Amino acid sequence: IDTEKDPVSCNQRMKTLRNVAGLDAGKKLVAQGVQFLRMKTRSIEERIYLLEKITEKNLSRMIYDVVFIDGIFDLTDDPGNLQKVTQVMELLKRLSGSGATVFGMLHTNKKLDDDNMREVIGTEYMRLCTNRFLVKYDAQKKIHNIIHDKSNDTKFAPIVSFQINDD
């Protein structure tokens with residue numbers, strides 16, 4: 001589920017997914033077990049409604065093993081309002097409780113020396129999440145680092161580094 005990107009960026013993301021996951025470029029994603037929802041043009045109410053429907057479907061038939069949401073911040077129109085943020089967190093808990101592993105993307109503040117997770121929604125999401133990974137780019141080494149800095153129930157390697165080439 002993408003709440004942020006335009007169609008061109010989403011198409012590029014799906015090409016990357018196909019490549020990384022080894023999916024067949026000649027087959028539709030749905031035929032390979034991947035459903036992609038672009039929600040940038042949808043209202044907050046529509047986004048929440050769709051997530052509720054996904055949760056209901058999963059509770060009754062266990063369709064989705066994993067749900068990726070790029071844009072937790074965009075599931076509310078007031079990320080600083082605890083009452084509205086609590087509704088989003090409750091929805092994410094229900095989705096997770098439906099049997100799906102939920103991965104949510106939340107960008108840190110833009111300041112380099114501040115890894116605060118953006119307003120009330122960031123604070124509440126960090127409190128709710130089971131595992132937290134930070135992705136940072138080292139421009140000098142031209143390498144991405146995935147840093148695992150919080151775990152409530154699992155052990156992961158503390159840091160994984162990788163490079164992305166043009167392909």
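These are my notes on a few things I looked up in this predicted model.

**Cysteines**

I started with the sulfur bridges. A disulfide is a covalent bond between the sulfur atoms of two cysteines. I found 0 disulfides in the structure.

**T3**

Next I went to the segment before α1 (7-21), where T3 sits. Is T3 buried or exposed? With a relative accessible area of 2%, T3 counts as buried, because the cut-off for that is under 20%. Leaving out residues up to four places away in sequence, I noted that T3 touches M39, K40, R47, D70, G71, D74 and L75.

**Helix α2**

Then I followed α2, which runs over residues 44-61 and has 18 residues. From first C-alpha to last, α2 reaches 26 Å, close to the 26 Å expected at 1.5 Å a residue. Which residues of α2 are buried? I listed R47, I48, L51, I54, T55 and N58. They cover an arc of only 120 degrees around the axis, so they lie on the same side of α2.

I looked at what the buried residues of α2 pack against, and found β1 (66-70) and α3 (82-97). On the other side of α2, E45, S60 and R61 are exposed. Last entry: just after α2, M62 takes a positive phi of about 45 degrees.

Key
Residues numbered from 1 in each chain as written. Predicted model: local features only at pLDDT ≥ 70, side-chain atom pairs only at ≥ 80, totals over all residues. Heavy atoms only, no water. Disulfide = S-S within 2.5 Å. Helix = DSSP H or I, 4+ residues; strand = E, 2+ residues; numbered from the N terminus. Buried < 20%, exposed > 50% of the residue type's maximum accessible area, 1.4 Å probe, protein only. Contact = heavy atoms within 4.5 Å. Expected span 1.5 Å × (residues − 1). Arc of directions from axis to C-beta.
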